Each structure stands twice: as C-alpha cells, then as structure tokens.
Amino acid sequence: MNVLEVKNLKVVYDRDVALDNISFSLERGEALAVIGPNGSGKTTLFRAILGAVGYNGDIKMPKGTKIGYVPQKIDLERDLPITVKEFLTLRDHAAPEKTLGAVDLAPSFLGKRIGELSSGELQRVLIAWAIIGHPDLLLFDEPTASVDMAGQKTVYELLHKLQEEHNLGLILISHDLTVVYRYANKVLCLNREQICFGVPDEVLTPSELARLYGKDRKFYQHAHS
Amino acid sequence: MLTPELQIFIAASLIAAAGGMLGSLALLRRMALVGDALSHVALPGVALGILFNLNIFAGALAFLIFGTIIIWAVEHKTKLPVDTLVGVMFTLALAIGALLTPKEDILEALFGDIANISQFDFWLASLISLAIIILLLVFYKKFTLSLISSDLALSAGYKPHILEFLFLMIFALAVAVGIKFTGALLMGSIIIIPAAASRNIARSMNQYLAISAVFGILGAVLGIFISKFYGFPPGPAFVLFAGALFFISIFFRR
C-alpha cells in the first residue's frame with residue numbers, strides 16, 4: 001500500500017520555481033533516496049510533504065499517516081537549557097530511554113543539554129525524536145558533512161534497521177551515491193524538476209547523472225569500508 | 001483582610017511571575033524585543049484610557065491585540081521584512097501615545113505606578129496573570145516545540161502558526177496587565193530580564209521556567225519594598241533589582 005503519492009508537484013517561491021512536475025510514490029517498507037545538486041529542491045520537497053510550504057499538485061497520504069522528520073540541523077542556540085529527555089518528551093510520548101537505545105545512545109544522554117551534544121549525537125537525538133511518535137513515513141535530510149560517530153553503526157545502518165523493524169516508508173536525502181546503491185529501493189533525481197525516478201541500478205546511468213549534476217562534476221561514488 | 005499593601009505585592013508578584021515564564025519561552029526564539037515593541041503599541045491605548053477616563057488595561061489591550069495581529073499577519077501572510085515594519089510601527093505608536101497622553105499623566109503611562117492600583121485593577125491583574133501562568137503550563141510543550149522548530153512541530157501534527165498566534169495573544173495580555181506595574185517603556189524588562197538571568201543558570205527547561213518566575217517575583221517584591229521605603233516609583237525599582245539579578249547570574253553561568 002502506498003504511504004505517499006506525489007503527483008505533478010510544483011512549488012514556487014517568489015516567482016522562482018523551486019520544484020516542478022514531480023511525481024512519485026512510496027510504499028511501506030520501501031526506501032527512496034532523493035539526490036540532486038545543491039539548491040535542487042530536495043529540502044523543499046520535504047517541506048512540501050510536511051505542509052510547511054504551499055504547493056500546487058497532489059501530495060496524498062492515507063488518513064492518519066504519521067510523519068517523522070529528521071531535519072539537516074535545528075537552529076538552536078547553544079546555551080538553551082533544554083535536556084535531551086525534555087526534548088524527546090515534547091511530543092507527549094513516553095519511554096525516552098528505550099528510544100535513545102534504538103539510536104545507539106546511552107541513557108546518560110537523557111540528562112545532557114541539547115547544546116552540549118556533538119553534531120553526530122544531535123543527529124541521533126533528532127532521529128530518536130522522529131521515531132518516538134511511531135511514524136509511518138520517515139523523512140531524513142542528511143547533513144552535507146558526514147557526522148558519523150567513531151566506532152558505531154552508521155546512521156544508514158541505523159535507519160535501515162529502524163525501517164525494517166517498523167515497516168515504515170523512508171525517504172532520505174543523500175549526497176552520497178554509495179548510500180543510494182546500498183540502502184535505497186528507489187531513487188528520485190531532482191534538479192528543480194524530476195530528472196529520473198526508479199530503481200537505482202536501472203536509472204542511475206552515467207548520462208542521467210551527467211544531466212543531473214552537470215558534465216564536469218565528479219561524483220563521489222567512494223565505497224565505505 | 002487583603003490590605004492595600006498586600007494587594008500591591010500580590011498583583012506585582014503574579015504579573016512578574018507570568019512575565020518571567022512568558023519571557024523564558026519568548027527567548028527560545030530571540031523574541032525578546034517583541035515584548036519591548038509591543039509595549040509601545042499599548043501606549044496610545046493607555047493614553048485614550050486616561051483621556052476618556054476608561055480603564056487603562058482595556059485601552060492597552062485593544063491596541064495590543066491589534067498590533068499583535070499585524071505582526072503575525074506580516075510574518076505569515078506577506079513577505080515584508082518583519083523587524084523593519086515592527087520598528088517603524090512601534091515608534092509611530094510611541095509618538096502618537098506621547099502626543100495623546102496628558103502631560104501630568106505621562107510619567108505614569110511611561111513608567112507605571114502600581115502603588116495606586118484600584119480594587120478592580122488588583123483583581124483584574126491578579127486573575128489575568130494567574131490565567132496566563134496556567135495557560136503557559138498547559139501549552140508549554142507545544143509552545144516550546146513550535147518556537148524552537150516549526151517544521152518539527154508540523155511533523156508532530158501541531159499547527160505552529162496557530163500556536164504562535166495563541167502565544168502572541170498571551171503575550172499581548174501579559175503586556176497589558178504589566179503596563180500598570182512598570183509602564184509602557186519598561187514593560188519589556190518584566191519579560192526579558194528574569195528570563196535572561198534564569199537562562200544563565202538553568203540546566204533544564206523546567207528549571208528555566210521556574211527560576212524565571214522566581215526571579216520575577218523576587219525583583220517585584222524587592223522593588224516594591226524599596227520603592228515604599230524611599231518613595232521611588234516601583235517600576236524602575238523592579239528593573240534595577242531584576243537587572244542586578246541578571247548581572248549576578250552571569251557569574252554563575254553554567
């Protein structure tokens with residue numbers, strides 16, 4: 001069953017077309033990677049799904065679909081006196097300890113302030129925040145720079161595990177093609193308009209990638225060890 | 001039973017506690033100056049209240065709600081730069097208020113005077129402040145979430161625009177009751193200073209809200225006490241004490 005169906009989506013900011021003619025769908029248990037150069041509308045797509053920006057076209061989700069959203073970053077001042085535990089329970093759901101465990105963070109993090117966390121830790125807390133509400137659809141916006149924590153599972157292994165455990169639809173914005181090949185069932189290439197959509201091995205041909213990123217750009221298709 | 005002295009302490013403490021808690025939420029999103037700006041909008045209302053012998057609170061509240069709706073609408077319905085418009089509108093309001101206010105009342109309008117609070121105003125200020133405290137406690141998680149990230153609030157199924165509007169309305173109410181205490185010019189201090197001091201030392205949101213309220217009350221009680229003793233106006237005395245607390249709190253910054 002589709003957890004999300006997008007048809008002819010168009011988003012315009014100040015006469016500037018940020019997204020045009022986007023159509024794709026996602027089923028439960030599927031992972032969709034969204035790729036594209038900077039400014040290609042990836043984050044805008046998420047904000048349209050969330051309802052944070054106005055749009056034309058259709059974004060359909062079954063009634064009562066719960067969304068978990070992991071933003072690239074949150075704009076918090078470092079000295080904000082809010083603890084991880086308080087942040088996780090802002091959503092009225094209990095069991096913050098268990099949720100932290102699911103993202104490989106020790107319970108001792110509950111008492112830490114959000115501002116004390118490293119960017120890798122903050123990202124995991126944001127993932128915990130997103131899954132604490134038992135979402136049907138998880139939107140993950142990858143930070144441009146890698147924030148993985150040494151000696152731990154990568155965020156992608158974590159997301160993959162969570163996705164299987166909860167059978168949720170996952171959309172991840174990624175800057176790393178290795179991640180796309182390894183973890184995504186489908187890929188959506190954006191450059192303000194839809195360049196490709198389908199199974200990664202089929203649609204990510206060199207000519208499509210050149211269309212997406214421009215001819216001269218080198219892709220960082222490096223392998224993770 | 002409630003002597004006039006006691007009434008002043010109670011009303012001022014409740015106003016300051018409500019303002020402190022409100023301020024701690026407002027400072028989550030660098031909204032500190034909204035309080036300052038809003039209090040200026042109240043001034044024409046205060047002036048009309050004095051001129052026509054109406055209740056100052058009612059005049060102030062009417063103008064505040066009007067000002068709040070304008071800020072909210074500009075932020076969400078237009079693409080105008082909010083701070084510029086806020087700056088222009090609010091100095092205009094201050095100028096209009098200053099022209100309208102009778103000369104002999106201008107000090108009270110600008111700096112407040114809770115010492116001659118009427119029986120009716122005492123109950124009004126106390127009950128409204130209490131209502132603000134209760135509203136903030138009930139909605140504090142939702143407000144916090146939409147103030148720190150409206151996208152996260154949306155993903156959780158909340159309506160951040162509506163929550164923000166509700167927050168600004170509570171803000172307007174708080175400013176309207178606070179005007180009696182510190183006046184239009186110093187009202188921002190009730191909202192900003194105790195919260196800023198609390199933020200320096202609090203380790204969690206719960207502490208942050210509680211300490212803001214306590215600092216507000218402390219400033220109010222000490223300020224009124226000193227003003228009785230030396231015959232100062234209570235509003236500026238409050239600001240001095242709250243400011244002192246802020247500077248002390250810097251040394252205990254965690």
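A residue is called buried if 20 or more other C-beta atoms, placed from the backbone, lie within 10 Å of its own, exposed if 12 or fewer do, and partly exposed in between. Strands (E, at least two residues) and helices (H or I, at least four) are DSSP runs numbered from the N terminus. In strand β5(A), A:Ile67 and A:Tyr69 point one way. A:Gly68 and A:Val70 point the other way, and all are buried.

The model is predicted: local features need pLDDT of at least 70, side-chain atom pairs count only at pLDDT 80 or more, and totals for chains, interfaces and linings use all residues. Residues are numbered from 1 along each chain as its sequence is written, and chains are lettered from A in the order in which they are written. The pLDDT is the predictor's confidence in each residue, from 0 to 100. Its mean over chain B is 87, with 97% of residues at 70 or more. The complex receives an ipTM of 0.84 and a pTM of 0.86.

β5(A) pairs with β6(A), residues 137-141, in the parallel sense over four bridges; pairing requires at least two DSSP bridges. A:Gly68 stands opposite A:Leu138.

Contact means C-beta atoms, placed from the backbone, within 7 Å. By this criterion, 22 residues of chain A touch 19 of chain B. On the side of chain A, α1 (42-50) and β5 (67-70) each give two or more residues. The largest share, three residues, comes from β5(A).

In chain B, residues 6-29 are 88% helix and 0% strand, with end C-alpha atoms 36 Å apart. Residues 122-140 are 100% helix and 0% strand, and their end C-alpha atoms lie 26 Å apart.

Definitions and conventions. Contact = placed C-beta atoms within 7 Å.
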